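Here are my notes on this model, as numbered points. Have the viewer open while you go through them.

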Amino acid sequence: MTRILILSGTGWLGSRIAQRWVDRGAEVTSLARGHRHGADGVELVVADRDAPDAYRAVQERDWDEVIDVSSDPVQVGAAADALAGRAAHATYVSSVSVYAGADEEDADETAELVPAWTDGDEDDYAGAKVAAERAVTGYAARVAIVRPGLIVGPGDPTERFGYWPARFAAAADGPVLVPQTAGRVQVIDVDDLADFIVTGGARAFDGIVNAVGESHPIAEFLTLLRDLAGHTGDLREAPADWLGRHGVAHWMGPRSLPLWLPDDMPGFATRSNAAYRAAGGRIRPLAETAARVLADERTRGVARTRGSGLERSEELDLLRMWEAERPTGV
């Protein structure tokens, strides 16, 4: 019997990984706080990973695969110490945020990393991931480090990608505010990522890969989603400086235009996926992922209040201001 341990694995991605291992006939254990229901057929070990004895219930067992998704390097290091010698293989889910630069297009896994996290810097997500990557090597002799880009798909708790198909669907024949930018979008479907992590673990893949899809111009991306949603209204493009003056943020969060990046980051959404593909990673067409997300958004409610993006009332206020303030001929 294949024995799998997933640490912090009851969330959106972790539960998908767990279910795939269950479907393969593995004996799967998830160690987590127990605040969320994980996949069916998974043994849940309730533990606080910050506690000194967090791994007591699992550290005397042998594991064919340990998967860690934590962004806390202290947690990852403690788990690696507790489970050293107990795992045949380990997989760590990191992030492309570990890279120091975002100005080089098509950069691969050899690109320079940010400095590793140091104790006390709680907001250093990228540095924490770098430190965790270093700590995870203590789990096993063979370790896969998977660096996803923006993970998207049905049920996405960040609500970034889904903002656009939902907004186009909700706007119908009304106008939609979009950023005036030459930026790009690069995502990975959550189910493609889960498949890769599981198949890589099954064959003990040893290496580092950028788990990212193809890079698309943001204008092409928006056109695709607009067509899928059946939007027939106008697109109103506003420049970055105007959006900034009116409190519209990049990338994510309330009052933002999700996935929009500053123009000085041309390489962020253009990472190379050659190593991921060579290792067997799947990249489904963007249109397929977008259609899955739109269907999910319709089920959840395209006009709902969400964690990322503009409320429709905010957007309409901004559109009125843009019409009043924009230069003649723009």
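1. Start with strand S5 (residues 90–93), which is covered on both faces: Ala90 and Tyr92 on one side, and Thr91 and Val93 on the other, are all buried. Buried here means under 20% relative accessible area, exposed over 50% and partly exposed in between, with a 1.4 Å probe and protein chains only. Helices (H or I, at least four residues) and strands (E, at least two) are DSSP runs, numbered from the N terminus. As background, side chains in a regular strand alternate between the two faces of the sheet.

2. A word on ground rules: this is a predicted model, with local features needing pLDDT of at least 70 and side-chain atom pairs counting only at pLDDT 80 or more, while totals for chains, interfaces and linings use all residues. Residues are numbered from 1 along each chain as its sequence is written, and side-chain values use heavy atoms, with hydrogens and water left out.

3. Who pairs with S5? Strand S4 (residues 65–68) runs parallel to S5, joined by three bridges, and Val66 has Ala90 as its bridge partner. Strand S6 (residues 143–148) is also parallel to S5, through four bridges; there Tyr92 partners Ile145. Pairing requires at least two DSSP bridges between two strands.

4. S4, helix H2 (residues 73–83) and S5 form a right-handed β-α-β unit. Right-handed means that, with the strands pointing away from the viewer, the path from the first strand over the helix to the second runs clockwise.

5. Elsewhere, three strands make an open sheet in the order S7-S9-S11, with mixed pairing. S7 and strand S11 (215–217) are its edge strands, each pairing on one side only. S7 pairs with S9 in the parallel sense over three bridges, and Leu150 sits opposite Val187 in S9.

6. The largest nonpolar core has 33 residues, and Phe161, Trp164, Phe221, Leu243 and Leu257 have the most contacts inside it. Such a core is a set of buried Ala, Val, Leu, Ile, Met, Phe, Trp, Tyr and Cys residues joined through side-chain atoms within 4.5 Å. A second, separate core of 29 residues includes Ile17, Trp21, Ala144 and Ala194.

7. Is Asn210 buried or exposed? Asn210, in strand S10 (residues 207–211), counts as buried because its relative accessibility is 0%. Beyond its neighbours within four places in sequence, Asn210 has contacts (heavy atoms within 4.5 Å) including Asp108, Glu109, Arg147 and Arg271.

8. For contrast, look at Asp227 in helix H6: at 56% relative accessibility, Asp227 counts as exposed.
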